[in-house]
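Reader: I would like to learn how to read some features of a protein model. Please show me the model and take them one by one.

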Amino acid sequence: MTDELFREDALLRRCEARIISLDETGIGFDRTVCYPQGGGQAGDAGVLRLADGREITLADTRKGARPGEIVHLPATGADLSGLAVGMPVVVEIDWARRERHMRFHTATHLLCALVPHPVDGCSITAAYARLDFHMTEPLDKDALNAGLARLVSEAHPVSHRWITEAELDANPQLVRSMSVQPPRGQGRVRVMEIAGVDLQPCGGTHVANTAEIGAVVVTKIEKKSARTRRVVLGFAEPV
Ligand SMILES: [Zn+2]
């Protein structure tokens with residue numbers, strides 16, 4: 001099991017850790033700041049700092065084969081000689097990339113508040129985000145952009161808390177996504193709240209206030225199928 005530090009504090013950029021596994025699937029640590037690809041959000045990249053001063057580039061982070069396992073994928077061609085289980089290291093994320101994930105991810109929650117339909121697909125990367133809504137009505141890009149700009153400028157705080165699975169079962173309307181069900185079996189589910197705007201189960205990383213989303217805009221709306229409308233988000237400023 002890896003202690004998932006990013007679940008409680010998405011703003012942590014680095015941590016000390018020990019190597020607990022090391023094989024062709026990647027490197028595991030006893031704790032990490034790196035978010036593993038999941039729930040539509042891309043995994044973190046970063047760097048591994050060794051005690052002797054060497055740095056190993058981490059290209060991506062994924063869930064491992066076993067529950068609770070997280071594997072960090074070294075960049076192609078990285079020199080892993082000398083690494084060993086038990087070795088202390090520092091894990092540091094590529095913050096510029098993660099910050100873009102968090103801005104986009106939080107913006108997708110604002111979209112959920114603006115478009116009251118179930119979500120049946122989601123992808124969040126550093127370059128764009130897209131959200132598929134299960135709906136037949138057309139969407140108005142200008143209206144969505146005006147709504148996003150308003151919710152960003154209103155500077156709503158973003159927070160998370162844990163609820164019991166029984167509480168979730170008693171409030172099925174909280175689950176907006178048809179494609180991603182909240183993880184079960186731990187007795188508790190993490191919910192993300194933008195007070196008065198959106199509340200739903202989510203294990204991803206978010207900015208602390210909607211104002212930090214900044215200039216995120218709807219760049220495209222596509223009719224992916226008779227019952228799916230895809231909304232694509234991009235940054236209005238050059239990145
Ligand atoms: Zn989220």
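Author: Start with burial. Buried means under 20% relative accessible area, exposed means over 50%, and partly exposed lies in between, with a 1.4 Å probe and protein chains only. H206 is buried, with a relative accessible area of 9%.

Reader: What kind of model is this, and how are residues numbered?

Author: This is a predicted model, where local features need pLDDT of at least 70, side-chain atom pairs count only at pLDDT 80 or more, and totals for chains, interfaces and linings use all residues. Residues are numbered from 1 along each chain as its sequence is written, and side-chain values use heavy atoms, with hydrogens and water left out.

Reader: Which protein donors does the zinc ion have?

Author: Donors are N, O and S atoms within 2.8 Å of the metal (3.2 Å for Na, K and Ca); water is not among the atoms, so sites may look incomplete. Here they are H105 (NE2), H109 (NE2), C202 (SG) and H206 (NE2), lying 2.0 to 2.1 Å from the zinc ion. Along the chain their spacing is H-x3-H-x92-C-x3-H. H105 and H206 link distant parts of the chain, 101 residues apart. H105 sits in helix α2 (residues 95-114), H206 in the loop between β13 (198-201) and β14 (216-225). Helices (H or I, at least four residues) and strands (E, at least two) are DSSP runs, numbered from the N terminus.

Reader: Is H105 buried or exposed?

Author: H105 is buried, because its relative accessible area is 3%.

Reader: What is the geometry of the zinc ion site?

Author: Ideal angles for four tetrahedral donors are 109.5 degrees. Four donors count as tetrahedral if all angles lie between 85 and 135 degrees. The angles among the 4 donor atoms of the zinc ion are 101 to 126 degrees, and the site is tetrahedral.

Reader: How does strand β2 pair?

Author: Two strands pair if DSSP finds at least two bridges between them. β2 (residues 14-23) runs antiparallel to β8, joined by 5 bridges. A17 has V89 in β8 as its bridge partner. β2 also pairs with β3 (residues 26-29) in the antiparallel sense, over 4 bridges. There S21 is partnered by G28. β2 and β3 form a hairpin with 2 residues between them.

Reader: Where is V85, and is V85 buried or exposed?

Author: V85 is in the loop between β7 (70-74) and β8 (88-93). V85 is exposed, with a relative accessible area of 56%.

Notes:
Four donors count as tetrahedral if all angles lie between 85 and 135 degrees; four count as square planar and six as octahedral if opposite donors are over 155 degrees apart and all others between 65 and 115; anything else is irregular.
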